[in-house]
Amino acid sequence: QLQLVESGGGLVQPGGSLRLSCAASGFTLNYYVIGWFRQAPGKGREAVSCISGGGHSTAYGDSVKGRFTVSRDNAKNTVYLQMNSLKPEDTAIYYCAADRRLMCGSRWFFSNEYDYWGQGTQVTVSS
């Protein structure tokens with residue numbers, strides 16, 4: 001059974017930080033590209049970040065560059081998204097997704113390229 005579970009979301013004030021986790025069960029993440037996406041109410045799914053299976057290659061959407069950092073600990077079968085300097089426009093449900101064949105330098109920002117998805121975790125940035 002292949003499962004991804006996001007955690008770490010919550011309510012934070014503008015300028016604050018959160019760290020999201022994406023934990024895998026039923027398979028190991030070593031050879032899977034992990035993408036982070038988010039979806040705000042009434043909006044489409046937006047690509048946030050990508051990290052390669054070995055953690056050597058990363059990519060970020062323009063709206064989060066310089067504020068978000070993606071990393072992974074394959075020994076723990078977990079990928080992280082560190083979010084700093086949060087803004088109200090970062091409010092969304094955040095999802096992680098996995099695919100075995102994608103490259104972060106190619107089509108990572110298309111959500112329909114990923115085979116496996118978590119259920120999402122809510123991030124709310126508000127004063």
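Me: Helices (H or I, at least four residues) and strands (E, at least two) are DSSP runs, numbered from the N terminus. Where does Ser85 lie?

Reply: Ser85 is in the loop between β8 and β9 (92-99). This is a predicted model, where local features need pLDDT of at least 70, side-chain atom pairs count only at pLDDT 80 or more, and totals for chains, interfaces and linings use all residues. Residues are numbered from 1 along each chain as its sequence is written, and side-chain values use heavy atoms, with hydrogens and water left out.

Me: What about the phi of Ser85?

Reply: Ser85 has a positive phi of about 50°, although it is not a glycine. Most residues other than glycine have a negative phi. Asn77 is another non-glycine with a positive phi, about 55°, and it sits in the loop between β7 (68-73) and β8 (78-83).

Me: Is Asn77 buried or exposed? And Ser85, buried or partly exposed?

Reply: Asn77 is buried at a relative accessible area of 13%; buried means under 20%, exposed over 50%, and partly exposed in between (1.4 Å probe, protein chains only). Ser85 counts as partly exposed at 40%.

Me: Change of topic: how many aromatic pairs?

Reply: Nine. Rings of Phe, Tyr and Trp (its six-membered ring) pair if their centres lie within 6.5 Å; planes under 30 degrees apart are stacked, over 60 edge-to-face, and the rest tilted. The rings of Phe37 and Trp117 have centres 5.2 Å apart and planes at 50°, so that pair is tilted.

Me: Which parts does that pair tie together?

Reply: Phe37 is in strand β4 (residues 33-39) and Trp117 in strand β10 (residues 116-117), so the pair ties together parts that are 80 residues apart in sequence. Phe37 is buried at 0% relative accessibility, while Trp117 is partly exposed at 25%.

Me: What sits over the ring of Tyr95?

Reply: The charged end of Arg45, 4.3 Å from the ring centre. The charged end of Arg45 also sits over the ring of Trp117, 4.7 Å from its centre. The criterion is NZ of Lys or CZ of Arg within 6 Å of the ring centre and within 35 degrees of the ring normal.

Me: Now the strands. How many bridges join β4 to β9?

Reply: Seven, and the two run antiparallel; strands pair if DSSP finds at least two bridges between them. Gly35 has Ala97 in β9 as its bridge partner. β9 also pairs antiparallel with β11 over three bridges, where Ala92 stands opposite Val123, and with β10 over two bridges, where Ala98 is partnered by Tyr116.

Me: How many residues of β9 are buried?

Reply: Seven of the eight, so β9 is largely enclosed by the rest of the structure.

Me: And the largest nonpolar core: which residues touch the most other members?

Reply: Trp36, Leu81, Met83 and Tyr94, out of 26 residues. A nonpolar core is a set of buried Ala, Val, Leu, Ile, Met, Phe, Trp, Tyr and Cys residues joined through side-chain atoms within 4.5 Å. Apart from it lies another core, of 10 residues, among them Ala59 and Trp108.

Me: What is Met83 in contact with?

Reply: Leaving aside neighbours within four places in sequence, its contacts (heavy atoms within 4.5 Å) include Leu18, Phe68, Tyr94 and Val123.
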